[in-house]
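Let's take a friendly walk through this structure together.

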Amino acid sequence: METLFFSIVAAIAILMSILVIRCKNPINSALSLIMTFFCLATLYVMLEAPFMAAIQVIVYAGAIMVLIVFVIMLLNIRTESGRRTQHALFLGAATGLFLLFQTWYFLSRSSLTGAKGAIDSAAIAKVGHTELIGQSLFTEFLLPFEITSILLLAAIVGAVVLAKKKV
Amino acid sequence: MLGAYLPIIVLLVVAACFGLGSVVVSSLVGQKKLSPVKLQPYECGCEPVGSAQERFSIKFYLIAMLFILFDIECVFLYPWAVLFKRLGVFGLIEMGVFVVILFVGYIYVWKKGALEWE
Amino acid sequence: METIAIPAINMSVIAPEMILSVVAMALLLINVFVKNEQKGYLGYLSIAGILVTLYSLTIGWGAPQDGFSGSVVQDNFAIFFKGIFLVSAAMSILITDQYLQREGCNQGEVYPLMLFATVGMMLMASGTDLMTIFLGLEVLSVSLYVLAGFNRGSIRSNEAGLKYFLLGAFSTGFLLYGMALTYGATGTTKVVKIAAAAQSGMVSSNLMLVAGMLLMATGFAFKVAAAPFHMWTPDVYEGAPTPITAFMSVGPKAAGFAAFLRVLLVALPVFKAEWSSLLWVLAVLTMTVGNITALYQQNIKRMLAYSSIAHAGYILVGFTAGNAVGTSGILFYMLSYAFMNIGAFAVIILVGKKGEENNNLADYAGFGYKHPALGVAMCVFLFSLAGIPPAAGFVGKFYLFSGAIQAGYIWLAIIGVLNSAASVYYYLRVMIYMYFKEPTEDFNWVRLSPAFIICLIIAIAGVMIPGVVPGTILELAQKAILM
């Protein structure tokens, strides 16, 4: 049941991400991207990471998509101009196939085993995902957390410096 | 585990059915008399002027950008809020530092006039 | 409801970063609360902040300590690199004000942004957690994207900002993916624990960790502008405001190498054979591509951009060796590179005037006669960049290449020396224009402000003193290696 559900969601995600780059109208691309983000959020839920799913929807599918649509409207691109050359298409396809083959070749010759962490489904069910994230964010990863505020501050200054009409 | 999310899936399905259904049903049941006036986009009785796809001002972009940055700040408040009591005074200081640093950014944005619609 | 145990914090480890961040935030607020005419002293305030930070750094020398549950460490390695960042930031700030006033984009935000970038670099140098390194890199990059596009009236500057942002974000993706795979394979983001986990045979034979290492190496190679990931460098260096070019050609490169060194030497020594053969190829490519392309450049900023790619290649030679001599050579070379490169960019700023950057080689015709002191200064910097004794650049290269020879990479050292010899051509060409061509301009717009004089004196001292008596600095560098 879960495998089937995963396959459906993953298929939609892949289809939508292909649409993102194939759509002629940038607004359609942006809408496909929102759908991709929703599918990713669903995958996070299946990985028992509901907090990440919520962030994905709030920040990406919500806020960042608003920005992307604003930028599309700011640039006022209707449909894509310029055509894709056959040459580039061939080169891209060849590179993609080569990388796919490379991945398959190395994967078939070696193992891919990750280290198992301390937190499993039982812990998430017992404590809660948001609490677990908070626990490591505010103890072990306290410094990275505080650096994030400096990062956001630098970004705020940057947005104002670059985009404000009158400085 | 995933059973807890069943209502959301049901809601999604119902929403999709409602959206699709109303389009399909109205196209099946509704009358079709097309005239030039009917095909025009409705604009409070006036003739439409120009295209709806106007160029946006960069002002929107700045506001959206600032919104995202403070939105991300809020995201960090959720895991803190659920642990507030267990973290105690230490947690208050941690989040205090975080918020104060961003508050500097807020004062900067405010005094700079970036929140005003110029 | 049990309370959560508070981890050991040890604030003194990040004291320098805290001081500099507070100074930056204070400057940001001062900037909006004072009138435009009074902003001239913001630069001096930031230099004062840097000096205080530099002083707080020296206290920690020789007494390594870590904090924030192993997220960050203050060892000699980090302190040496932070010294490089602070010196290069201070020198760049000295030459910023005059340039921005000339170009009419003198906004006070440039100083807080430069300080934030420096904080990011410092965190990269002392980060012992992949997350700290990553966030430090992001703080650095976000500030630099903005700084590169700081001159909003100039299309070239806008282009530089956008290009740097797009390619920088792309490379960050590689780095982050590599970190994620490393975390997946070892179950930790702390470099020491990664090293411990990688010791066990099961993990080290794991493809995921190898892929993680390769992706991280790609990300860092982007950041230090190593070929074949150097494409962004010339356009960004050329388009960005010149003081910012000076700033980002030194500090961020050093920060990239600091984090790169720590990740490979501390976290993944198990793969030394693998990564040194990878770096061998990168080093040869970077040196050769940088030097050969620089031969054809007519624009001096582009030439110095390609030369900075070549210098990243020389440093990769020392990195490939991975031994004590090579690593201390990297530290020594990065420091002297800061002085010689920022010095050269300072002279470039002076040659330009409002609206006309005068960056073509032909614009330098006869400059050496019209302004003998500046001409001599430029010669000193170019000699050092070319690696001609007695300048510091020669000593640095000497240690980098002897490190490679000690580690058995004879061919790498030979290729390095050949490259270095080829580079003499394009550095000398600038001097030929300065001294052997008839002047077409009278250069009467060149205005030496006190800040410029201080910057140039520091730069010349920083190039000549370690070049003639390398002992002290070299001793410090030897105490600062990661072994």
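Helix α17 (residues 372-386) of chain C packs against helix α19 (residues 410-436) of chain C at an angle of about 170°, with the axes 9 Å apart. Helices here are DSSP runs of H or I with at least four residues, strands are runs of E with at least two, and both are numbered from the N terminus. Axes are lines fitted to C-alpha atoms, for helices over the stretch in contact, and angles run from 0 to 180 degrees between N-to-C directions. The two helices α17(C) and α19(C) are therefore roughly antiparallel to each other (angles under 35 degrees count as roughly parallel, over 145 as roughly antiparallel, 65 to 115 as roughly perpendicular and the rest as oblique).

Before going on, a word about what you are looking at. This is a predicted model, in which local features need pLDDT of at least 70 and side-chain atom pairs count only at pLDDT 80 or more, while totals for chains, interfaces and linings use all residues. Residues are numbered from 1 along each chain as its sequence is written, and chains are lettered from A and ligands numbered from 1 in the order in which they are written.

Which residues of α17(C) and α19(C) meet? From α17(C) come Gly375(C), Met378(C), Cys379(C), Leu382(C), Leu385(C) and Ala386(C), and they meet Ser423(C), Val424(C), Tyr427(C), Val430(C), Met431(C) and Met434(C) of α19(C). Two residues are in contact if their C-beta atoms, placed from the backbone, lie within 7 Å. Sorted by class, this contact of α17(C) with α19(C) has 10 nonpolar, two polar and no charged residues. Here Ala, Val, Leu, Ile, Met, Phe, Trp, Tyr, Cys and Pro count as nonpolar, Asp, Glu, Lys and Arg as charged, and the others, Gly among them, as polar.

The axes of α6 (residues 130-148) of chain C and α7 (residues 155-186) of chain C come within 9 Å and cross at roughly 175°, so α6(C) and α7(C) are roughly antiparallel to each other. On the α6(C) side, the residues that meet α7(C) include Leu130(C), Phe134(C) and Tyr145(C); on the α7(C) side, they include Tyr164(C), Phe165(C) and Met179(C). The residues of this contact between α6(C) and α7(C) divide into 11 nonpolar, five polar and no charged.

Now step back to see chain C as a whole. Its secondary structure comes to 21 helices and two strands. Chain C has a radius of gyration of 22 Å, which agrees with the value near 23 Å that a compact globule of 483 residues would have. This radius is taken over C-alpha atoms, and the globule rule is 2.2 Å times the number of residues to the power 0.38. Of the 483 residues of chain C, 60% count as buried. A residue is buried if 20 or more other C-beta atoms lie within 10 Å of its own, exposed if 12 or fewer, and partly exposed in between, with C-beta atoms placed from the backbone.

For one example, find Ile315(C) in helix α14 (residues 300-321) of chain C. Is Ile315(C) buried or exposed? Ile315(C) is buried, with 30 other C-beta atoms within 10 Å. Leaving aside neighbours within four places in sequence, Ile315(C) is in contact with Phe257(C), Ile330(C), Tyr333(C) and Leu400(C).

What about the core? The largest nonpolar core has 223 residues, and Ile156(A), Val139(C) and Ala346(C) touch the most other members. Such a core is a set of buried Ala, Val, Leu, Ile, Met, Phe, Trp, Tyr and Cys residues joined through C-beta atoms within 7 Å. Helix α15 (residues 324-351) of chain C gives the most to this core, with 20 residues.

Chain B makes an interesting contrast. Chain B has four helices and zero strands. Its radius of gyration is 25 Å, well over the 13 Å that the globule rule gives for 118 residues, so chain B is more spread out than a compact globule. Buried residues make up 21% of the 118 residues in chain B.

Finally, see how the chains meet. The contact of chain B with chain C takes 12 residues from chain B and nine residues from chain C. Between chain A and chain B, the contact takes 41 residues from chain A and 40 residues from chain B. On the side of chain A that touches chain B, the largest share, 13 residues, comes from α7(A).
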